[in-house]
Amino acid sequence: MSLPVLSPEHMQQLQAFETQILANQTKIEAWFRTQWSEHKPPFYGSVDIRNAGYKMASIDMNLFPGGFNNLNPQFIPLAALAAQDALDRACETAKSVLIVPENHTRNTFYLQNVFALSHILRSAGFEVRLGSLNPEITEPTEFTTAGGDTLLLEPLLRTRGRVHLADGFSPCVVLLNNDLSGGVPDILKDLQQTVVPPLHAGWTTRRKTAHFAAYNQVAAEFAKLINIDEWQINPYFEQISGLDFQEREGEDALADAVTRMLAKIQAKYDEKGITDKPFVIVKADAGTYGMGVMSVKSADEVRSLNRKNRNKMAKVKEGLEVSEVIVQEGIYTYETLNGAVSEPVVYMVDRFVVGGFFRVHEGRGVDENLNASGMLFVPLQQIIPVAGDEEGGEERSKRIFQQWDSLGVPQTSGHCDCEGNRLYVYGVMARLSLLAASLELAQTEPQA
């Protein structure tokens, strides 16, 4: 296995961007420290990044990450330290955590994620138990994960203003690993416990366009800080509402938005001398798991959707109907791993980068959504050439784990295209999105 590669043309463009980031590393880290002193980061999050060489940007920010099982195990101590710091600030007397997971107990890979998350928190020194919202869980029940580990799910109960388990386990911190796509259940409302992430971070109320509106603020300030064109790190977007895909309501408005967006991208491509064909991603403004997403290169594609594809766009997780979409500038992914397109996914706990992986899809193109059935996950790591034995005289590759620490320290003495520096740049892009999520949550917090 090799790390993702880019073509020489795109690599040259990427190196110019990376050089600018690395040259400003001290300034960037000082800026981030100032931002975190003013804005409270989410408890955790994961960011999907697309890399076209001439442009690298976050395209999605998940506030309830479900892939901790895909992280390199060597990052666990780092994640544990970050979690300890975050939980201490959430509740300075915290000794235990009650995790509320998703209901889909048949997804053994998701259960492996819950196991990995629990392991991180236990490694941080906390007692961890799982309180399920699933009505089918009426007594403590053991489940086996995809990795063969076991989890004990217990019914979540409530007495007055606190949730607890049957034996009275009721810590001050309730950690949601459930994105609330199906709505906020009454059992979680108005609790006298600290709930992280907050309820308004769930897809019941959260909108991707609110996140990218906040990201506009962050990207503009960051671009000015290091003297780059904001467009290099920020995809255009627009929100369209009043849609009913099955009844074809709002179709003309969506097609018009696609036309506007494609023209805007083309103008920028012309300015930059980019010969790629513009495309946009139309996706549900609320929702996850790669559902309700389509890649579009013309308005006619919106108008000519067949019934099957309209049905795919009409509903997302938990049967949530799609009436609002974000029309987002598409960013090509020119990173390939063994010939398959790939994109980095960066994981953070609090304000710290704690690792990530490459999402790889052999059946998808450079202009398509990779978060789809058939995707593979390759943990972030580094390949270091090591001299072979004297008799064979061959070069071997010894794979060692890239110690990507909480701030993503770059290898300033190395070449700008070394893997450690590439990971640092990914970490910068991810933290910009995390900062935008901080602004977003503050701006959308319900008023008491």
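The model is predicted, so local features require pLDDT of at least 70 and side-chain atom pairs count only at pLDDT 80 or more, while totals for chains, interfaces and linings use all residues. Residues are numbered from 1 along each chain as its sequence is written, and side-chain values use heavy atoms, with hydrogens and water left out.

Helices (H or I, at least four residues) and strands (E, at least two) are DSSP runs numbered from the N terminus. Two strands pair if DSSP finds at least two bridges between them. Six strands form an open sheet in the order β5-β6-β4-β3-β9-β10. Its pairing is mixed. The edges are taken by β5 (141–144) and β10 (194–196). Each has a single partner strand, so one side of each is left without a neighbour in the sheet. The twist averages 35 degrees from one strand to the next. Axes are lines fitted to C-alpha atoms, for helices over the stretch in contact, and angles run from 0 to 180 degrees between N-to-C directions. Within this sheet, strand β3 (residues 96–101) and strand β9 (residues 173–177) run parallel and are joined by five bridges. V97 stands opposite V173 in β9.

A four-stranded open sheet has the order β11-β14-β12-β13, with antiparallel pairing. Its edge strands are β11 and β13 (293–296), each pairing on one side only. Neighbouring strands here are turned by 20 degrees against each other on average, direction ignored. Strands β12 and β13 run antiparallel, with four bridges between them. K283 faces V293 of β13 across this pairing.

D60 lies in strand β2 and K283 in strand β12 (residues 280–284), so the pair ties together parts that are 223 residues apart in sequence. Relative accessible area is classed as buried under 20%, exposed over 50% and partly exposed in between (1.4 Å probe, protein chains only). K283 is buried, at 5% relative accessibility.

R351 forms a salt bridge with D85, with the closest N and O atoms 3.0 Å apart. This pair links the loop between β16 and β17 (352–361), which holds R351, to helix α3, which holds D85, across 266 residues. R351 is partly exposed, at 25%. D85 is partly exposed, also at 25% relative accessibility. A further salt bridge connects the side chains of D252 and R303 (3.6 Å, N to O). D252 belongs to helix α6 (residues 251–272) and R303 to helix α7 (residues 299–303), 51 residues apart. D252 is partly exposed at 47%, and R303 is partly exposed at 33%. Salt bridges with shared partners join D48, R50, E343 and R359 into one network.

Rings of Phe, Tyr and Trp (its six-membered ring) pair if their centres lie within 6.5 Å; planes under 30 degrees apart count as stacked, over 60 as edge-to-face and the rest as tilted. A search of the whole structure finds 16 aromatic pairs. Y54 and W231 are stacked, because their ring centres are 6.3 Å apart and their planes lie at 0 degrees. Y54 lies in the loop between β1 (44–51) and β2 (56–62), and W231 in the loop between α5 (208–226) and β11 (237–240), so the pair ties together parts 177 residues apart in sequence. Both residues, Y54 and W231, are buried.

F68 and Y347 pair edge-to-face, at 5.1 Å centre to centre and 80 degrees between the planes. F68 lies in the loop between β2 and α3 (76–90) and Y347 in strand β16 (residues 340–349), so this pair ties together parts that are 279 residues apart in sequence. F68 and Y347 are both buried.

R129 lies over the face of F169, at 4.8 Å from the ring centre. R431 lies over the face of F32, at 4.4 Å from the ring centre. R431 is part of helix α9 (residues 419–444). At 1% relative accessibility, R431 is buried. Its side chain makes a polar contact with the side chain of E29 (2.9 Å). A polar contact is a pair of N or O atoms within 3.5 Å; within protein, one must be able to donate a hydrogen and the other to accept it, and residues adjacent in sequence count only if both atoms are side-chain atoms.

Note on methods: Lys NZ or Arg CZ within 6 Å of the ring centre and 35° of its normal. Salt bridge = Lys/Arg side-chain N within 4 Å of Asp/Glu carboxyl O.
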